[in-house]
Each structure stands twice: as structure tokens, then as C-alpha cells.
Amino acid sequence: MRTGDFAEWTRRFEDERERRRAEGDPDWARGARLDPAVWAGIQRFQVGEDGDGANLVGKADQAGDGDYARAVRLFVAEERNHARLLARLLAAGGVPTPAGHWSDTVFVRLRRLMGLRLELLVLMIAEVVALRYYRALRDGTDDALTSDVAGRILCDEQRHVPFHCERLHSVLAELPRPARRPVMAAWQLLLLAASLVVATDHGPALRRLGVGRRRFVADVVSSSGPVVRAVLSPRPDAGTNTI
């Protein structure tokens with residue numbers, strides 16, 4: 001796929017939408033039983049997934065690439081579906097859906113102050129952290145419904161990362177070449193900081209999922225290398241998962 005050609009991404013998002021419709025929802029009636037610390041972590045991630053995406057969609061529209069704008073709308077729809085799945089999972093366990101969390105409020109306000117380039121860089125931090133969290137949630141519990149929901153979300157996130165990498169490659173190409181690598185080095189430092197915050201905030205849940213704080217942070221940081229290479233490479237293979 002050529003850098004900047006997002007018509008194929010639109011088709012992929014649409015194909016995935018149809019696949020989800022054909023597959024249907026998980027079996028919510030079987031319920032879910034988890035440790036309270038794990039439920040608390042799911043509540044916080046549900047808040048993070050919940051949002052209308054209007055700010056990102058508006059910036060995508062302003063970028064002047066109709067295919068990209070359509071793909072972004074489909075991406076936002078998948079994120080909102082994640083919030084719905086997590087809310088249904090919480091309900092299946094008799095756990096309330098929270099109204100909000102301070103970390104999400106800070107994250108959203110920060111993104112809204114930025115242009116598309118910086119917003120995508122911040123969004124990518126959340127996406128890379130989410131990859132490790134949902135993998136831990138899928139593999140670290142014996143609850144079938146939870147593993148099903150986490151696996152579905154993880155599958156989507158594994159497509160979202162290369163999607164954003166392709167657009168970041170395009171927008172960073174607008175910068176002078178000597179500035180591109182320092183930008184991504186700064187991004188990696190912010191990713192480290194974010195992973196430390198998440199590991200601290202979700203420490204009890206991560207332990208119960210079989211992932212300690214240090215391992216979680218180390219895994220998130222190590223996963224940043226392929227992302228940086230995809231963003232900075234002359235012709236990234238956006239059709240292949242980077243994580």
C-alpha cells in the first residue's frame with residue numbers, strides 16, 4: 001500500500017464492520033466473574049474508549065484527504081464499539097460503568113489542544129499501551145466472556161496501530177528530515193511515562209492478570225521500536241501489523 005493511500009484502509013474497516021455484524025455479540029448471558037481489581041481496570045479502560053471522536057474527525061476532514069477522513073470515521077466507530085463491549089462486560093459482571101476518570105480527562109484535553117500530527121502521536125501512546133493491556137486481559141483470566149471481549153478488542157487494536165503509523169509517516173514527512181527522529185524519540189519518552197502511570201494505576205489488576213508492573217512497562221517500551229521504524233521508514237508496509 002502506498003503511503004497516503006487510505007482507500008484500502010477504508011475497505012478494510014468496512015470489511016471488518018461486516019464481519020462483526022455476521023459474528024454477532026459475545027454471549028452476555030453467561031456472565032463474568034473477576035477479581036475486583038481487574039474490574040476496576042476494565043472500568044478505567046471503558047472510560048478511555050468512550051468518546052464521540054468529533055475532534056479527530058474534524059482534524060481529519062481539514063487534512064483534505066477524503067479517503068483518510070472516511071477511514072478515521074470507521075476507526076472512531078470501532079473505538080466506540082470497544083466502549084460498548086466493555087460496558088456490556090461490566091454489566092454482565094454486575095459492575096457499574098463509571099462516569100469518568102481523571103486520566104482520561106487529562107488525555108482528551110491534551111489531544112484537543114493539538115493539531116493532527118501531535119494528536120496522532122498522543123493517540124498512538126494510548127493505542128500501544130492498550131495493546132499490552134488487552135493482551136494481558138485476554139490471556140490472564142479464566143473467565144471466558146472476558147477473554148472473548150478482550151480478544152475482539154485486541155484484534156482491532158492490532159489494525160489500528162499500523163493505520164496510524166501510515167498517517168504519521170505522511171505528516172512527519174512534512175518536517176525537516178533531521179527533526180523526524182528526535183520527534184519519535186520524544187514520543188518514546190512520553191510512552192514510557194504513560195506506561196509507568198498505567199502500571200502504577202493498574203498495578204493490582206496487572207498482578208492478578210499475571211503481569212507485574214515492571215514487565216508491563218518493559219513490554220510496552222519494547223513494542224515502540226517497530227512503531228518508530230514503521231513511521232520513519234521510507235516506505236512503511238502499512239498492511240502488516242507492527243506489533
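Two rings of Phe, Tyr or Trp (its six-membered ring) count as a pair if their centres lie within 6.5 Å; planes under 30 degrees apart are stacked, over 60 edge-to-face, and the rest tilted. With that in hand, one aromatic cluster is formed by Phe-6, Trp-9, Phe-13, Tyr-68, Phe-75 and Phe-163.

Some ground rules. This is a predicted model, where local features need pLDDT of at least 70 and side-chain atom pairs count only at pLDDT 80 or more, while totals for chains, interfaces and linings use all residues. Residues are numbered from 1 along each chain as its sequence is written, and side-chain values use heavy atoms, with hydrogens and water left out.

How many aromatic pairs does the structure hold? There are 10. Take Phe-45 and Tyr-134. Their ring centres are 5.7 Å apart and their planes sit at 70 degrees, so this pair is edge-to-face. Phe-45 is in helix 2 (residues 36-49) and Tyr-134 in helix 6 (residues 116-139), 89 residues apart. Helices here are DSSP runs (H or I, at least four residues), numbered from the N terminus. Phe-45 and Tyr-134 are buried, meaning under 20% relative accessible area with a 1.4 Å probe, protein chains only.

Next, Phe-75 and Phe-163. Centres 6.2 Å apart, planes at 40 degrees, so the pair is tilted. Phe-75 lies in helix 4 (residues 66-92) and Phe-163 in helix 7 (residues 144-172), so the pair ties together parts 88 residues apart in sequence. Both Phe-75 and Phe-163 are buried.

Now the charges. The charged end of Arg-12 sits over the ring of Trp-9, 5.2 Å from its centre. The cut-off: NZ of Lys or CZ of Arg within 6 Å of the ring centre and within 35 degrees of the ring normal. Arg-167 lies over the face of Tyr-68, 4.3 Å from the ring centre.

Key. Helix = DSSP H or I, 4+ residues; strand = E, 2+ residues; numbered from the N terminus. Buried < 20%, exposed > 50% of the residue type's maximum accessible area, 1.4 Å probe, protein only.
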